[in-house]
Amino acid sequence: MSIQNLNIRDPFADASKGNDDDIQDGLIHIRIQQRNGRKTLTTVQGLSQEYDLKKIVRTCKKEFACNGTVVEHQEYGEVIQLQGDQRENICQWLTKAGLAKADQLKVHGF
């Protein structure tokens, strides 16, 4: 005896495509900007529009013990700004959280 209604549609097709089909398609640019003195800003540009950037900033602020915000840039769209040199931290966090792969991250700076 076989179940007939499972032959029509696979109910688990949505769950299996999650690992293969990424939301992030382009490069994510991580830059450092010099402010005054020893102060720096880390900017993250190129994250997919599917992600809620304010939630990402909130998590990063707690994780890295820094301040941050989302700013609207004329050319790049929405950009995440974090205080301090957070380039290594944000790279590790984005790959650990599964938001991007290591080959999608482009780190700029000295």
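A65 sits in the loop between α2 and β3. Its phi is near 55°, a positive value in a residue other than glycine. At 72% relative accessibility, A65 counts as exposed; exposed means over 50% relative accessible area, buried under 20%, and partly exposed in between (1.4 Å probe, protein chains only). The model is predicted, so local features need pLDDT of at least 70 and side-chain atom pairs count only at pLDDT 80 or more, while totals for chains, interfaces and linings use all residues. Residues are numbered from 1 along each chain as its sequence is written, and side-chain values use heavy atoms, with hydrogens and water left out.

**The chain as a whole**

- The chain has three helices and five strands. Helices (H or I, at least four residues) and strands (E, at least two) are DSSP runs, numbered from the N terminus.
- From the N terminus on, the order of elements is α-β-β-α-β-β-α-β.
- The chain has 110 residues, and 32% of them count as buried.
- Take the contacts between residues at least 6 apart in sequence: 50% of them join residues at least 24 apart. Contact means heavy atoms within 4.5 Å.

**Helix α2**

- Helix α2 covers residues 53-64 and has twelve residues. At 1.5 Å a residue, the helix should span 16 Å, and its end C-alpha atoms are 16 Å apart, which agrees. The expected span is 1.5 Å times one less than the number of residues.
- The buried residues of α2 are L53, I56, V57, C60 and F64. They cover an arc of only 100° around the axis, so they lie on the same side of α2. The arc is that of the directions from the helix axis to the C-beta atoms.
- These buried residues pack against β3 (68-73), β4 and α3 (87-97).
- K54 and K62 are exposed, on the face of α2 turned away from its buried side.

**N89 in helix α3**

- N89 belongs to helix α3. At 29% relative accessibility, N89 counts as partly exposed.
- N89 and C60 are 29 residues apart along the chain. Their C-alpha atoms are separated by 8.9 Å.

- Strand β2 covers residues 40-45. Six of its six residues are buried, so β2 is largely enclosed by the rest of the structure.
- T40, T42 and V44 point one way from β2. L41, T43 and Q45 point the other way.
- Strand β1 (residues 28-34) is joined to β2 by six bridges, and the two run antiparallel. Two strands pair if DSSP finds at least two bridges between them.
- R31 has T43 in β2 as its bridge partner.
- The hairpin of β1 and β2 has five residues between the strands. There, G37 takes a positive phi near 70°.
- On β4 (residues 77-83), four bridges link to β2, again antiparallel. V44 stands opposite I80 in β4.

**Rings and charges**

- R31 also lies over the face of Y76, at 5.6 Å from the ring centre. A charge sits over a ring if NZ of Lys or CZ of Arg is within 6 Å of the ring centre and within 35 degrees of the ring normal.
- How many aromatic pairs does the structure hold? The number is zero. Rings of Phe, Tyr and Trp (its six-membered ring) pair if their centres lie within 6.5 Å; planes under 30 degrees apart count as stacked, over 60 as edge-to-face and the rest as tilted.
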